[in-house]
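Student: Could you help me learn to read a protein structure? I would like to go feature by feature.

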Amino acid sequence: MDLYEHQARQLFEEHGIPVPRAEVTDSPQEARGIARRLGGRAVVKAQVKTGGRGKAGGVRFAADPAAAELTARQMLGTDIKGHRVGTVMLAEPVDVAEEFYVSYVLDRTAGGFLAIASAQGGMEIEDVAATRPEAVARIPVDRAEGVTSATAQEIAATAGLPPQTVDVLMRLWQVLVREDALLVEVNPLVRTGQGQILALDGKVTLDDNARFRQARLGEHGERHQDPLEAAAAERGLTYVRLDGEVGVIGNGAGLVMSTLDVVAGCGARPANLLDIGGGASAQVMADGLSVILSDPAVKSVLVNVFGGITACDAVAEGIVSAVDTVRLTKPLVVRLDGNNAARGRAILGERAHPLVEHATTMDGAARRAAELAHTA
């Protein structure tokens, strides 16, 4: 369960992490009043659950209360990467001298948590990680010990962060532990011209299994959910919108995430991901395809299923029934492996739908889906 920035900021403040003064509103008129209370100037930030807001025009400076009202009016109701802006947060401007990046994230491969930190924070952190990986420190965190003062000092020293960040690193770990989080991220964590350390932006993902303990955040956090995510949730499906052109359907979170990586390795970008879970009945496949095909950015769809308890021939029957139920408008590449895979591929071959292809390997299926997306 991802939180909005203002909710992450609330958690930071509750745990003693310094943040700029800020207020949230869904009213342009109220935005004027908030800016006045903040001293006149304000940074207006769209509250959407996606990254890259700054580059998409979702973070703008307002020089006075009238400008804050106008900016909020222009921003509210707009679309940022498929997410409708329902609220904006107005924050007090900060004199930034240096920007850093810090986060704790669940490392499922290692079965623990990982601290990730860099002295090169800000909007270009992804480029830094890709082009200068040595500038991003990755330090495993002992699950039993957690982030002690010594651990925080090690993280800061390894990443080249100033000593003043040690206290924030310790408190950020407490956010992760006490709030049932899988990810806590501050980007940027800044040092102001006056030497103060502040968390300017935050991202927090809570464990869905702990929703009953985090109801105060969950109920409000779903108010402005992406419409396609909401449609998928109503059908019991897990859907996440991304910013590419290949729709991805799989059974199981691990397989879906691996498929995203393979698609990216083939030179395409995933447009979304949809996990159908352990079942792939005709209705489940119809619901999944309906959601995926509703995204106008999708140019092709890749279905990657490993048959286990649900055999591949049952999955294939579901796909055949689904394409008869849902008007298929984009090419569909299907890769079936595991239990009764050969029979499943035979069923797809017998149906011979002109927009449905099947591949025997995940790499081959991803390559074909990427080709079809690029030629669409």
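**Reading the aromatic rings**

Tutor: Gladly! Tyr104, Phe113 and Trp173 form one aromatic cluster. This is a predicted model, where local features need pLDDT of at least 70 and side-chain atom pairs count only at pLDDT 80 or more, while totals for chains, interfaces and linings use all residues. Residues are numbered from 1 along each chain as its sequence is written, and side-chain values use heavy atoms, leaving out hydrogens and water.

Student: How many aromatic pairs does a search of the whole structure find?

Tutor: A pair of aromatic rings is described by the distance of the centres and the angle of the planes. Rings of Phe, Tyr and Trp (its six-membered ring) pair if their centres lie within 6.5 Å; planes under 30 degrees apart are stacked, over 60 edge-to-face, and the rest tilted. Searching the whole structure gives two aromatic pairs. For tyrosine 104 and tryptophan 173, the centres are 5.4 Å apart and the planes are at 80°, so this pair is edge-to-face. Tyrosine 104 belongs to strand E7 (residues 96-107) and tryptophan 173 to helix H6 (residues 166-178), 69 residues apart. Helices (H or I, at least four residues) and strands (E, at least two) are DSSP runs, numbered from the N terminus.

Student: And what angle separates the planes of phenylalanine 113 and tryptophan 173?

Tutor: Their planes stand at 90°, with 5.7 Å centre to centre, and the pair is edge-to-face. Here phenylalanine 113 sits in strand E8 (residues 112-118), 60 residues from tryptophan 173.

Student: Is tryptophan 173 buried or exposed?

Tutor: Buried means under 20% relative accessible area, exposed over 50%, and partly exposed in between (1.4 Å probe, protein chains only). Tryptophan 173 has 6%, so it is buried. Phenylalanine 113, at 18%, is buried too.

Student: Now to the start of the chain. Which residues is aspartate 2 in contact with, leaving aside its neighbours within four places in sequence?

Tutor: Contact means heavy atoms within 4.5 Å. With those neighbours set aside, aspartate 2 touches Lys49, Val204 and Thr205. Aspartate 2 and threonine 205 are 203 residues apart in sequence, yet 4.3 Å apart in space, C-alpha to C-alpha. Aspartate 2 has a relative accessible area of 34%, so it is partly exposed.

Student: How many disulfides are there?

Tutor: A disulfide is a pair of cysteine sulfur atoms within 2.5 Å. By that rule, the count is zero. Cysteine 312 is buried at 0% relative accessibility, whereas cysteine 266 is partly exposed at 25%.
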